Structures are given as structure tokens and as C-alpha cells.
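Dear colleague,

I am passing on the structure that we spoke of, and below it you will find my notes on what turned up in it. Please read them with the model open beside you.

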Amino acid sequence: MYDGKRMVVGCSREHLAEVVGQYARRPFVGAELWAGKIMRVLRQHPEGISKVDLAREAGVTLEEIRRAVAWQNIEMQRWVERLGRAAGGTDVGQ
């Protein structure tokens, strides 16, 4: 559902146009799409699911799961670096 599409929200028409433009210029990343598919399936199985069943339900391969996890880890690290989070999860400077 909505794979490859993203809902965006803006504070005004101008802001929305800016956000849409930013995403339109952004390169497509397959691992990001796979991560989204995987997360949707994981939310449906809070008790856990095997990798084989996860791959089947998400419509991805085991290699795509590995690459999606690697992509997610890299993006999380970038997020932490941008926001300056300390190792304990608290904001730096607080």
C-alpha cells in the first residue's frame, strides 16, 4: 500500500510546494522502500515473525531485508548526528 509514495504535509501552500520539491529531487533508494514494507509487516506481528515469513509477507528477499536493516541503521546514525543526541538518548546540552 502506497509503496514508493510518501504523504507530505506543509504549513501553507508555499511550504507544501517546497517540501514536495525537496522530495522530488531526492534520489530513489530501494532499501528505504524495503524498510517501509518490512516495518508495516512487523507492526502486524508485535509477538515476532521469522525472517522467512517476514520476507514472504513483505514481498522482499532475505538479502533485501539485510540491506533494509543496514540502510535503517545508517539513517538512524545520521539522525543522531544531526540532532546531537548523547549516548544515553538525552539531548546534548540539557
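Helices (H or I, at least four residues) and strands (E, at least two) are taken here as DSSP runs, numbered from the N terminus. The model is a predicted one, in which local features need pLDDT of at least 70 and side-chain atom pairs count only at pLDDT 80 or more, while totals for chains, interfaces and linings use all residues. Residues are numbered from 1 along each chain as its sequence is written, and side-chain values use heavy atoms, with hydrogens and water left out.

The protein chain holds four helices and zero strands, and along the sequence this reads as α-α-α-α. Of its 94 residues, 19% count as buried, where buried means under 20% relative accessible area, exposed means over 50%, and partly exposed lies in between (1.4 Å probe, protein chains only). The accessible surface comes to about 7,500 Å², with 57% of it belonging to carbon and sulfur atoms; such areas come from the Shrake-Rupley method with a 1.4 Å probe, and for residues only the protein chains shown count as cover.

The buried residues of helix 4 are Glu64, Ile65, Ala68 and Trp71. Because they cover an arc of only 125° around the axis, they lie on the same side of helix 4, the arc being that of the directions from the helix axis to the C-beta atoms. An α-helix has 3.6 residues a turn, so residues three or four places apart point the same way. The cover over the buried residues of helix 4 includes helix 2 (30-44) and helix 3 (51-58), whereas Asn73 and Glu81 are exposed on the other side of helix 4.

Leu83 belongs to helix 4 (residues 62-83) and is partly exposed, at a relative accessible area of 46%. Together with Met76 and Trp79, Leu83 makes a nonpolar surface patch of about 290 Å². After helix 4 comes Gly84, with a positive phi near 65°.

Lastly, Gly59 sits in the loop between helix 3 and helix 4 and, at 56% relative accessibility, counts as exposed.

Notes:
Patches are made of residues with over 30% relative accessible area and no salt bridge: like charges are joined within 9 Å, nonpolar side chains (Val, Leu, Ile, Met, Phe, Trp, Tyr) within 5 Å. A salt bridge is a side-chain nitrogen of Lys or Arg within 4 Å of a carboxyl oxygen of Asp or Glu. Contact means heavy atoms within 4.5 Å.
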